[in-house]
Amino acid sequence: MLRIFKKILTTGVVTERFKTPKDDELEQLGIEIKRHIDKRFSGSIAIRQVDAGSCNGCELEIHALNNPFYDIERFGVHFVASPRHADVLLVTGPVSRHMQTALLRTYEATPNPKWVVAAGDCAVCGGEFGVSYASCGAVSNVIPVDLVIPGCPPTPLALMKGLLGLMKVSA
Amino acid sequence: MSSSNWTADFLARLSAGMAVAEIELSSVKLWQIESHAWQRFAELAMQQKLRWAAGWAEHVQNRFFINACFEKQGEYILLRTIIDDSNPELPSQATVYPAANRSERHTQDMFGIRFIGHPDNRRWTRHQAWIENSYPLRKDFPVQGMPVGITPPDMHYPFIKSHGAGTYEIPVGPVHAGIIEPGHFRFQAVGELILNLEERLGYVHKGIEKIAEGREPESLARLAGRVSGDTTVGHCWAACMAMEWAAGITVPPRASFIRGILAERERVANHMGDIGAICNDVAFVFAQMQFTRLRELWLRTNATVFGHRLLMDRIIPGGVACDLSDESCTLIKKEIVELRKELDEVILAIDLNSSLEDRLYTAGFLSEEIAAAFGTLGYVGRASGQDKDVRRDAPYAPYDQATVKVGVENQGDIASRLWVRYKEIRAALRLIEGFIDQLVAGDIRSEWRIPPAGSEGLGIVEGWRGEIICHIRFDADNKIARFYPRDPSQLNWPALEKLVLNNIVPDFPVCNKSLNGSYSGNDL
Ligand code: SF4
């Protein structure tokens, strides 16, 4: 137990902090997201992530949003287990035809008002996979999309920026 | 017995009962046999303790080539039979090798080839995106297919049913609760105890094999790098290796070393993420936070040095896309020294933690026999005594100039899989240092030569999950005729169905994470 405490203490807080307002893009972004979240969603926004056919690269970077450097929850953004608890669906991948109905049902299960973010080149435009017998391509071919975050995969920073964009779109 | 002896001996044994044509295909032996001997070969191979490693088909003019890859003592054999496409059937190898089961079902769905005597010929990759009796990987099937507006859900898949008082079913997925890939799991349980688990995958099937056709090498390499995003280096390397064989191209030594560094960096990044996630699944958040922190630092170095956090598209046909400067080498080495220090501290805290001990030891047990029967690969196999590693057993550049230490455990539980991963991190760090020291000056890319139509190649590498086998055949004009990547997950997923038995349902997430199969790499 002492070892754990020692490591926690010596690691300190690595979460990227506000240094000078202009330098630290991340902190700035976070704060702006938080302002929007406070105004529109009473302080917290719930995201349900749906992999509709991704290669899993996008998921790795979405995961990173929860690591101690980004710690996106401190801005009131959190990932939930059910679409019924969600304000936002964060969808990745080209939509595989085998996931088409599942995605539609997830969309239907999300209460209004809801927003859909398509994250990653595949979700934005079909990416490397496009449209085929097995793939519907872009998410917007299946459900309405409010915002796109390009990148293969988008970096955690790009994802943060994208979410900020959503707040502006929906404002 | 040296490795070359067993192939000669085996060939002599075979020739007594069947006609085998031996063709030299680069460094792999290609043995061609009659289709009726397909199963017989498997029986003899099993007697000789060959491991079944991969199976796939090709549609070439009016014929099907059916391929299977076997391995023993680091030597690979490509077995082939050719049949007419008018009434395609041949005896199943899955009756002998359980490892071949899903692979033959995939071939059945994609080509319409019947494997006679197959123990379970339900459809596997096909849900409802294309109709029965049409086969996407036949050459006359259009890439666009004939999709209906909305692909219906796969309602009527004949799952195994349980009967009896007190047993009940839990369907899970395809959309899971966490940030993970989609797939369906059907549990039969009594109380909390898992009696049976059936996996239903194929949800992220996106036609990778089909859309590969007609691509040029660079575009194929990009696609290969997206077969499974966490294994972008591994798959890209295997595909490039296969294409380079087909084209008769040697990669410059400097490029090989850089490829080695990229692959080991990918291994370390994934293992760190997994160790953290395994601990998190049993509510030990301290380790999760520490390992995601270390992983993030590692990925940031990837971005600084190689220009991409996950290292996508760094390997290209003929070499690599980016060079390593002296400063970068210094940076990487410094980072490794620091990482070792941190690992020492964190891992000690994990090792001495009794709540982890309670949850991880003996849970998710996979016996050596089952691991061997299913041809289980990578850390899952090695934690159950399967002492296999392509980097050591069939070394390719740059591993032919390095000593690869392979971590093996025999307990076969979640803790073993965690410790094997940890050993692999330590070994990978040493390899990276070694490759940097050996890094010779020179080109990082050989010029591409258009391979003759019909030429083929195999790429076999040790990805972070285990052995990856990739087969590529060229058409005329530098175009790809066939691309088949066999991700290690394909062989590891069935092991999950076994290792969860008699565990409690709430332990499923940690059992699953300890194996961490790729859905995308499996579904293609
Ligand atoms: S955008 Fe890139 S990382 Fe994301 S799913 Fe597509 S190929 Fe994978």
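Reader: Which residues does B:Arg293 touch, not counting residues up to four places away in sequence?

Author: The model is predicted, so local features need pLDDT of at least 70 and side-chain atom pairs count only at pLDDT 80 or more, while totals for chains, interfaces and linings use all residues. Residues are numbered from 1 along each chain as its sequence is written, chains are lettered from A and ligands numbered from 1 in the order in which they are written, and side-chain values use heavy atoms, with hydrogens and water left out. Contact means heavy atoms within 4.5 Å. On that basis, B:Arg293 touches A:Lys7, A:Thr11, A:Val14, A:Pro68, A:Phe69 and B:Glu342.

Reader: Does B:Arg293 count as buried or exposed?

Author: B:Arg293 sits in helix H8 (residues 285-306) of chain B; helices (H or I, at least four residues) and strands (E, at least two) are DSSP runs numbered from the N terminus. Buried means under 20% relative accessible area, exposed over 50%, and partly exposed in between (1.4 Å probe, protein chains only). The relative accessibility of B:Arg293 is 6%, so B:Arg293 counts as buried.

Reader: Which side chains are joined to that of B:Arg293 by a polar contact of 2.7 Å?

Author: A polar contact is a pair of N or O atoms within 3.5 Å; within protein, one must be able to donate a hydrogen and the other to accept it, and residues adjacent in sequence count only if both atoms are side-chain atoms. One such contact, at 2.7 Å, goes to B:Gln290. Another, at 2.7 Å, goes to B:Glu342. The partners are B:Gln290 and B:Glu342.

Reader: Which strands do the buried residues of H4(A) pack against?

Author: Eight of the ten residues of helix H4 (residues 100-109) of chain A are buried, so H4(A) is largely enclosed by the rest of the structure. Among the buried residues are A:Leu103, A:Leu104 and A:Tyr107. They pack against chain A strands S1 (45-51), S3 (88-92) and S4 (115-119).

Reader: How are H15(B) and H16(B) oriented to each other?

Author: Helix H15 (residues 489-499) and helix H16 (residues 508-515) of chain B pack at about 150°, with axes 10 Å apart. Axes are lines fitted to C-alpha atoms, for helices over the stretch in contact, and angles run from 0 to 180 degrees between N-to-C directions. Angles under 35 degrees count as roughly parallel, over 145 as roughly antiparallel, 65 to 115 as roughly perpendicular and the rest as oblique. H15(B) and H16(B) are therefore roughly antiparallel.

Reader: Which residues in H16(B) does H15(B) meet?

Author: The H15(B) side includes B:Trp493 and B:Leu496. The residues in H16(B) are B:Phe508, B:Cys511, B:Asn512 and B:Leu515.

Reader: Which peptide bond is cis with omega near 5°?

Author: One cis bond runs from B:Gly173 to B:Pro174, with omega near 20°. B:Pro398 lies in the loop between helix H13 (390-393) and helix H14 (414-438) of chain B. The bond with omega near 5° is B:Ala397 to B:Pro398.

Reader: What is the relative accessible area of B:Ala283?

Author: B:Ala283 lies in the loop between helix H7 (253-281) and H8 of chain B. Its phi is near 65°, a positive value in a residue other than glycine. B:Ala283 is exposed, with a relative accessible area of 64%.

Reader: What is phi of A:Asp71 near?

Author: A:Asp71 is in the loop between helix H3 (57-64) and strand S2 (77-79) of chain A. At 27% relative accessibility, A:Asp71 counts as partly exposed. Phi of A:Asp71, a residue other than glycine, is positive, near 40°.
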